[in-house]
Amino acid sequence: MFYTEIGNGCEMIDGFYLKGLEELEFDENKVKEEFKFTKYWIWEDDEVNDLLDKVGSGNIELIDIGDSQSWNIIITGEERSQMWFFTDVGIQPCAPKRSFISWFEYWLEGSDNYFGEFEL
């Protein structure tokens, strides 16, 4: 609804860009698969396993920060509608959890501590 009724992309966090609808790229089959994760996972700390193949399932990258970092919206599974931070070594939800709109409003307020309640 945000994309079709409010805005189609914008300049965001530290000059990064929220992609417009026409810029979103995803595998049509993987995006339909269930996002299996409900808590952070740092695979750099684990032996690589078949779960790593599932990281790309059920989510769409909205902001490419560069250096293998992005903000993705989860579109399937238990975390549906939540924003997660993806890197080349792990994934993490916001803490507290934030839907896209909550995440966007938080940014509009000038806040940037998306992991303030995170505990190991």
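The following legends accompany an overview and close-up views of a predicted model of a protein chain.

**Figure 1. Overall fold of the protein chain.** The predicted model contains 2 helices and 7 strands. Read from the N terminus, these elements follow the order α-β-β-β-β-β-β-β-α. With a radius of gyration of 14 Å, close to the 14 Å that the globule rule gives for 120 residues, the chain is as compact as a globular protein of that length. The C-alpha trace spans about 40 × 35 × 25 Å along its principal axes. Of the contacts with a separation of 6 or more, 42% involve residues 24 or more positions apart.

**Figure 2. Surface and charge of the protein chain.** Buried residues account for 40% of the 120 residues. The chain exposes about 7400 Å², of which carbon and sulfur atoms supply 46%.

**Figure 3. Salt bridge between Lys19 and Glu61.** The two side chains meet at an N to O distance of 2.6 Å. Lys19 belongs to the loop between strand E2 (17-18) and strand E3 (41-42), whereas Glu61 is part of strand E4 (residues 59-66), so the pair ties together parts that are 42 residues apart in sequence. Lys19 has a relative accessibility of 16% and therefore counts as buried, the cut-off being under 20%. Glu61, with a relative accessible area of 25%, is partly exposed.

**Figure 4. Salt bridge between Lys54 and Glu33.** The closest N and O atoms of this pair are 4.0 Å apart. Lys54 is situated in the loop between E3 and E4 and Glu33 in the loop between E2 and E3; the pair thus links distant parts of the chain, 21 residues apart. Both partners are partly exposed, Lys54 with a relative accessible area of 32% and Glu33 with one of 29%.

**Figure 5. Salt bridge between Glu79 and Lys97.** Here the closest N and O atoms lie 2.5 Å apart. The bridge links distant parts of the chain, 18 residues apart: Glu79 in the loop between strand E5 (69-74) and strand E6 (83-86), and Lys97 in the loop between strand E7 (90-93) and helix H2 (100-108). Glu79 is buried, its relative accessible area being 1%, while Lys97 is partly exposed at 45%.

Definitions and conventions. Residues are numbered from 1 along each chain as its sequence is written. This is a predicted model: local features need pLDDT of at least 70, side-chain atom pairs count only at pLDDT 80 or more; totals for chains, interfaces and linings use all residues. Side-chain values use heavy atoms; hydrogens and water are left out. Helices (H or I, at least four residues) and strands (E, at least two) are DSSP runs, numbered from the N terminus. The radius of gyration is taken over C-alpha atoms; the globule rule is 2.2 Å times the number of residues to the power 0.38. Buried means under 20% relative accessible area, exposed over 50%, partly exposed in between (1.4 Å probe, protein chains only). Contact means heavy atoms within 4.5 Å. Accessible areas come from the Shrake-Rupley method with a 1.4 Å probe; for residues, only the protein chains shown count as cover.
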